[in-house]
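This report describes how the parts of one protein model are arranged. Please look over the sequence and the model before reading on.

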Amino acid sequence: MADYLIRVLPKNFNFRAFGVYLPQCVEEARRRQGLSPVATAALGRALAGVALLSADLKFGKILIQINGGGPLGEILAEADYQGNLRGLVKNPQVHLPPENKKLPVGKAVGKDGFINIVRDYGLKEIYQSSSALLSGEIAEDLAYYLTTSEQIPSACALGVLVNTDGSVITAGGFLIQKLPEANEAEIFYLEKRLSEIKPVTEYLSQGLKIEEILQEIFGEIEILEKREIRYKCTCSLERVEEALIALGKGELVEMIKEGEPIEVTCEFCKERYKISLERLKELLEEIERRKACLD
Ligand SMILES: [Zn+2]
């Protein structure tokens, strides 16, 4: 079964909910970037979180940036409106042993820092906001961000289960948001229900689907939309060349002086792009041409 994202409306509650199932995305991220188990769990949770936020995107993309001062360093996770996810961890090979059979994600991420969310709808402006980290466990931090920074009371659960060989067994999560009409009794019921349910990965590894977990919480639900998602980078040779052009004339002249072709590796997917000396010279000409247009 391919990875997917759902938008859900509970029948008897004034809440909206989103669910994500993404073991293949997380496994692909792990394989491409050589992530340690704890890095896999941390980036997997961040990818699940950003996928949930992207569920009602019509254009553009969303980026989650987490910087908690822990050994993993900065974590980036991005999702676009077409269901393409990508992400990276600054120090992918940090190993921390499990504590009580759980990977210590909070310890690896750290909680001395912030979560920052950038919404880029492909318009002129980008929207950016951040909040302090509570635990570095990511789900809790994301819910706190949404509740305080975006003023939408939210609950979130994210989980990644990693095998002893490091590979991903399952991964997924959900996000629940209060609608303005929700009353005290509904909120009370939901808080109680969320405190009773088991971790997401426990349900998923028993073969339950993410929509069935949401049914466990709310009873009857309506699935408004289901989208396929995948780990896919948006890099291309064209974009790499644009980035080289953006470096400017001085830098390019230096590279050409070296007399060697250059290789650029995409941080997100580890794809390598070779740029020949010939091509570098053409890019330099392109800079001149664009400058001439401006003059
Ligand atoms: Zn890439």
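## Terms and source

Axes here are lines fitted to C-alpha atoms, for helices over the stretch in contact, and angles between N-to-C directions run from 0 to 180 degrees. Helices (H or I, at least four residues) and strands (E, at least two) are DSSP runs, numbered from the N terminus.

This is a predicted model, in which local features need pLDDT of at least 70 and side-chain atom pairs count only at pLDDT 80 or more, while totals for chains, interfaces and linings use all residues. Residues are numbered from 1 along each chain as its sequence is written.

## The chain as a whole

The protein chain has ten helices and 13 strands. Its C-alpha trace spans about 70 × 45 × 40 Å along the principal axes. Of the 295 residues of the protein chain, 38% count as buried. A residue is buried if 20 or more other C-beta atoms lie within 10 Å of its own, exposed if 12 or fewer, and partly exposed in between, with C-beta atoms placed from the backbone.

Two residues are in contact if their C-beta atoms, placed from the backbone, lie within 7 Å. Among contacts in the protein chain between residues at least 6 apart in sequence, 66% join residues at least 24 apart.

## Helices H9 and H10

Helix H9 (residues 249-258) packs with helix H10 (residues 277-294) at an angle of about 160°, and their axes are 10 Å apart. H9 is therefore roughly antiparallel to H10. In these terms, angles under 35 degrees count as roughly parallel, over 145 as roughly antiparallel, 65 to 115 as roughly perpendicular and the rest as oblique. H9 passes H10 in a left-handed crossing. A crossing is left-handed if the near helix is turned anticlockwise from the far one by less than a right angle, and right-handed if clockwise.

On the H9 side, Lys249, Leu252, Val253, Met255 and Ile256 meet Leu277, Leu280, Lys281, Leu283, Leu284 and Ile287 in H10. By class, the contact of H9 with H10 has nine nonpolar, no polar and two charged residues. Ala, Val, Leu, Ile, Met, Phe, Trp, Tyr, Cys and Pro count as nonpolar, Asp, Glu, Lys and Arg as charged, and the others, Gly among them, as polar.

## Helices H8 and H10

The axes of helix H8 (residues 237-247) and H10 come within 10 Å and cross at roughly 60°, so H8 and H10 are oblique to each other. H8 passes H10 in a right-handed crossing.

In H8, Glu241, Leu244 and Ile245 meet Leu283, Glu286 and Ile287 of H10. The contact of H8 with H10 has four nonpolar, no polar and two charged residues.

## Helices H1 and H2

Helix H1 (residues 23-33) and H2 pack at an angle of about 135°, with 10 Å between their axes. H1 and H2 are therefore oblique to each other, and H1 passes H2 in a right-handed crossing.

Cys25, Val26, Ala29 and Arg30 in H1 meet Thr40, Leu43, Gly44 and Leu47 in H2. By class, the residues of the contact of H1 with H2 divide into five nonpolar, two polar and one charged.

A nonpolar core is a set of buried Ala, Val, Leu, Ile, Met, Phe, Trp, Tyr and Cys residues joined through C-beta atoms within 7 Å. The largest nonpolar core has 76 residues, of which Ala42, Leu47 and Ala51 touch the most other members. Helix H2 (residues 37-53) gives the most to this core, with twelve residues. Leaving aside neighbours within four places in sequence, Ala51 is in contact with Leu5, Val20, Leu22, Ala79, Leu85 and Ile229.

In helix H4 (residues 139-148), the buried residues are Ala139, Asp141, Leu142, Ala143, Tyr145 and Leu146. What covers them includes H2, strand S6 (114-120), strand S7 (126-132), strand S8 (154-162) and strand S9 (168-178).

## The S4–S5 loop

Tyr81 is found in the loop between strand S4 (75-80) and strand S5 (84-89). Tyr81 is partly exposed, with 17 other C-beta atoms within 10 Å. Not counting residues up to four places away in sequence, Tyr81 touches Ser54, Leu57, Lys58, Phe59, Gly60 and Lys61.

Gln82 also lies in the loop between S4 and S5, and Gln82 is partly exposed, with 15 other C-beta atoms within 10 Å. Gln82 and Arg289 are 207 residues apart in sequence, and their C-alpha atoms are 34 Å apart in space.
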